[in-house]
Amino acid sequence: METITLTIDGREVQAAKGMTVLEAARAAGIKIPTLCYHPELRPEGACRLCVVEVKGAKSLVASCVMPASNGMEVYTNTPFVREARRTALELLLANHPFECLTCDRNGNCELQTLAHDLGVREVRYQGEKRNVPKDTSSPALVRDPNKCILCGRCVRMCGEVQNVNALGYVGRGWDTLILPLFNRNLAEVACVACGQCSTVCPTGAITEKSYVDEVWKALGDPKKHVVVQTAPATRVSVGEALGMAPGSIVTGKMVAALRRLGFDRVFDTDFSADLTIMEEGHELIERLKEGGPLPLITSCSPGWVKYCEHFYPELLPHVSTCKSPQQMFGAVAKTYYAEKMGLKPEDVYVVSIMPCTAKKFEAQRPEMTASGVPDVDAVLTTRELARMLKEAGIDFEGLPEEEYDAPLGISTGAGAIFGATGGVMEAALRTVYEVVTGKTLESLDFTAVRGLDGVKEASVDLDGKTVKVAVAHGLANAKKVLDRIKAGEADWQFVEIMCCPGGCIGGGGQPIPVDREKRAARIKAIYEVDASMPLRKSHENPAVQTLYKEYLGAPLSEKAHELLHTHYTPRSRF
Amino acid sequence: MSACACGNTAPKYPELQEILSRHEGEKGSLIPILQEVQAAYGYIPEDVIKEISLALDIPATTIYGVATFYAQFHLKPRGRHVVRVCQGTACHVRGGARILAEVEKELGIKPGETTEDLRFSLEPVACLGCCGLAPVMMVDEDTHGRMTPDKVASVLARYE
């Protein structure tokens, strides 16, 4: 790597060639404020908060787009720079609604933090405020264009990382807005509800649609038996949402906290993840035997499923017919479990704690009603659960570690790793290997499918027969895999796709902010959870075995199909 | 081009296909294509944006962003006749606002809108550059100077 030397604020610093001034400064531990810049997105250079003085330059330069060069002299903290940044920020604030106290992002807003850090104590410019109605059409996300500062991070996230392009700039000048295609509501365009936009929005302009009030109401209703399921990724992120270090494993504390909120039973999506492996694993074995359609593609990630419906409807026959673990849980809770408890399906209220906003959409799909009523009643993101715990005054870190309830809280390590990219693949391989070969798997760790590479490929030897697999996370990476399948250039038999970067641990409902290091910390924690479990293969889950014995018969049985499988709907790509 | 169920497979926008094939493989062709589409159809229909998006592999949101950024592009059908009432300084001083108000009343639309019968579109304009005739309005290419509110109806009546 070629290095260059430049001077920042009188200090000589080394930087890699190709770095911007901003990157060089950050690498040297010098903080420059940013707003439209995001380390994982193409720089835009629009907000002017990262301006610096460069000796010899005619005017201030935006450090996020200025390449660093040898011998450059940069000043990041001069009166001129400070005044320019503050003025730029005040102009952004001039038409910003001052609703901080009631805003979803209060206390976690980059605009708010910058106003504080840059010493804005009054706004000298009083501008006309926008008055655009909120878009509440989506079951997953709410857009409030009045709070939008037009930084365009959501547009770049939706396009560059997710390849969905549901959002774009409309109009120009004062009238510019960021809107879904043709000024429609979000529910009327090809949005996959992944919520990645909400994780990069610096303000409260895009947030998850909250169902906290519905859940409080259900918890207060004596006629409802309220059960909760927690997604694999939540046990390594709820702590982070409450101020603990990224990657803190808080499984037992989360269970204790949910009991204190008043849930009648605290169950685990890891249980139904194991169940998913039983169904999906056997589906793979059946398709391998019958010759297709292959590759089989996983169906756990509702953002990915919706993406496939919009953009690759011709590949829908490849998608596993298995419902996602969230929906399998709901279906089992309202049938098998309800019958065991002597309850009617409509008296059981199923709440999900999910790292995901697309799960809110999935829960409201009309076909997800195995018992006659919706499988899942309310979906809360990790962030919403954190808010509930704060509202309830629960001292999370001080809670004891408690155990999940039986039977739907019993799980294996295979269920846990569903939260990370490659995890569903690895969990499936652990089971498929043993079912197909009848042998005990020596090493449980399929490390080739782990990690943050965009597309991962591996070959697995099933007693002489090689199975080729691929794993993609983030929809732009998924597109690469899908285009190869579509072109007939792929020889994989099994493909895992997760919608969000890093898999569910990087989901649209996860703590904000997020970056590669935080994703890596959460992933590391997920594999620690797996390694610490006494059972690590889904088919060894005793509660799943009992469920088959008492209720479902065998994987892919008629009953299993009725409750645990679904179908898909081609949708418009616009 | 997708076919509908009626059995008629003729493309809905034949001119678009010609425009697209004229620019096939050309870089930076989006704006010329939009200009030619507008020349062919008078405006840029949403379905055409979708077709361009598929043909050029450019997100429809990006195309819509370009089309709404430039004042020259229209996203709604325009009237057969375009009315422009000057709001420049000289016309303002001599009552341009009253002329505009009368046109709005007569047509029942605001600047930027089109009458339901697609007869007239009303467009805002800052200065038409003939201040000696103030207050002035244009209909299509015809200039009508020294306007008064009571002349508005008879001027408009000349355009079917």
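What distance separates the centres of domain 1 and domain 2 of chain B, taken over C-alpha atoms? The two centres lie 31 Å apart. The structure is a predicted model, in which local features need pLDDT of at least 70 and side-chain atom pairs count only at pLDDT 80 or more, while totals for chains, interfaces and linings use all residues. Residues are numbered from 1 along each chain as its sequence is written, chains are lettered from A and ligands numbered from 1 in the order in which they are written, and side-chain values use heavy atoms, with hydrogens and water left out.

Domain bounds were taken from an automatic or database domain assignment. For chain B, the assignment gives domain 1 (14–69) and domain 2 (81–157). For chain A, it gives domain 1 (3–92), domain 2 (130–209) and domain 3 (213–564).

Within chain A, the centres of domain 1 and domain 2, taken over C-alpha atoms, are separated by 28 Å. In this contact, 10 residues come from domain 1 of chain A and 11 residues from domain 2 of chain A, contact meaning heavy atoms within 4.5 Å. About 910 Å² is buried between these two domains, with carbon and sulfur atoms giving 55%; buried area is the accessible area (1.4 Å probe) that two parts lose on being put together, summed over both. Of the area that domain 1 of chain A buries against domain 2 of chain A, 50% is supplied by A:Leu35, A:Leu41 and A:Glu44, more than by any other three residues. A:Glu44 also forms a salt bridge through its side chain with that of A:Arg156 (3.4 Å, N to O). Two salt bridges are counted between domain 1 and domain 2 of chain A, the criterion being a side-chain nitrogen of Lys or Arg within 4 Å of a carboxyl oxygen of Asp or Glu. Seven residue pairs (both at pLDDT 80 or more) are in polar contact across this interface. A polar contact is a pair of N or O atoms within 3.5 Å; within protein, one must be able to donate a hydrogen and the other to accept it, and residues adjacent in sequence count only if both atoms are side-chain atoms.

Between the chains, 13 residues of chain B contact 14 residues of chain A. The buried area is about 1200 Å², of which carbon and sulfur atoms give 67%. One salt bridge is found across this interface of chain B and chain A. The side chains of A:Arg184 and B:Glu46 meet in a salt bridge (3.5 Å, N to O). Five residue pairs (both at pLDDT 80 or more) are in polar contact between chain B and chain A. On the side of chain B that touches chain A, the elements giving two or more residues are helix H3 (46–56) and helix H4 (60–69) of chain B, and H4(B) gives the most, with six residues. Helices (H or I, at least four residues) and strands (E, at least two) are DSSP runs, numbered from the N terminus.

Chain A also contains an open sheet of four strands in the order S12-S17-S16-S15, with mixed pairing; two strands pair if DSSP finds at least two bridges between them. Strand S12 (296–297) and strand S15 (455–462) of chain A are the edge strands, each pairing on one side only. S15(A) runs antiparallel to strand S16 (residues 465–473) of chain A, and eight bridges join them. A:Val460 has A:Val467 in S16(A) as its bridge partner. A cis peptide bond joins A:Leu294 and A:Pro295, with omega about -5 degrees, and A:Pro295 lies in the loop between helix H9 (269–290) and S12 of chain A.
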